[in-house]
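Good morning, everyone. Please have a look at the sequence and the structure on the screen, and then I will walk you through a few places in it.

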Amino acid sequence: MLVYSTPPKEWTILPSRVGKIQVGHIVPLSVFTQRPTFYQGMYADNLPEIVLHLQKADIKIGLEYLIFVRAIYPGKDIKTEQNTGTGSTLKELKSAHGTLDLYHIPEPYMCSVTTPTLPNVYFQFTSCDDAKMNGKVARVILWWRDHKLA
């Protein structure tokens, strides 16, 4: 089994997508050539979701209607073109992306940071106080908010 020490360049967090996987669009056929595993997970207010897990790339894809990408959960080694992602600080996010907005959200992450330069990308911290005190991004999620089919 091939294990990447760093993800291939194709796996980069971009506005509304990671590589060719885009929120609000049909799952690309190339995803299925990577033999994803399926499982049932939970999102938001403990609502069930079907998830595809690309183990080699360490990407999870939350599905809507079984074929549309509702959410993308990139692994800790997948970064933006500016090298931000899981493990980045608020200061690093601001330096790389400029304007940031912080939002209080429900547990377990409790604080979400967005930037206009990366629509639909959410950098999540355990709390906004932690984010302001040099805490690190605990999770990155790309989320399909509009619910309009592409």
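Helices (H or I, at least four residues) and strands (E, at least two) are DSSP runs, numbered from the N terminus. What you see is a predicted model, in which local features need pLDDT of at least 70, side-chain atom pairs count only at pLDDT 80 or more, and totals for chains, interfaces and linings use all residues. Residues are numbered from 1 along each chain as its sequence is written, and side-chain values use heavy atoms, with hydrogens and water left out.

Let me begin with I67, which sits in the loop between β6 (59–64) and β7 (68–74). Buried means under 20% relative accessible area, exposed over 50%, and partly exposed in between (1.4 Å probe, protein chains only), so I67, at 42% relative accessibility, counts as partly exposed.

Another loop, between α1 (29–32) and β4 (37–43), holds P36, and this residue is buried at 14% relative accessibility. Apart from neighbours within four places in sequence, P36 is in contact (heavy atoms within 4.5 Å) with V31, L52, H53 and L54.

Now to the charged pairs. A salt bridge here is a side-chain nitrogen of Lys or Arg within 4 Å of a carboxyl oxygen of Asp or Glu, and the count by this rule comes to 2. In one of them E49 pairs with R70, with the closest N and O atoms 2.0 Å apart. Because E49 lies in strand β5 (residues 47–54) and R70 in strand β7, the pair ties together parts that are 21 residues apart in sequence. E49 is buried at 5%, and R70 is buried at 1%. K76 and D77 form a salt bridge as well, at 3.8 Å from N to O; there K76 is exposed at 54%, while D77 is partly exposed at 39%.
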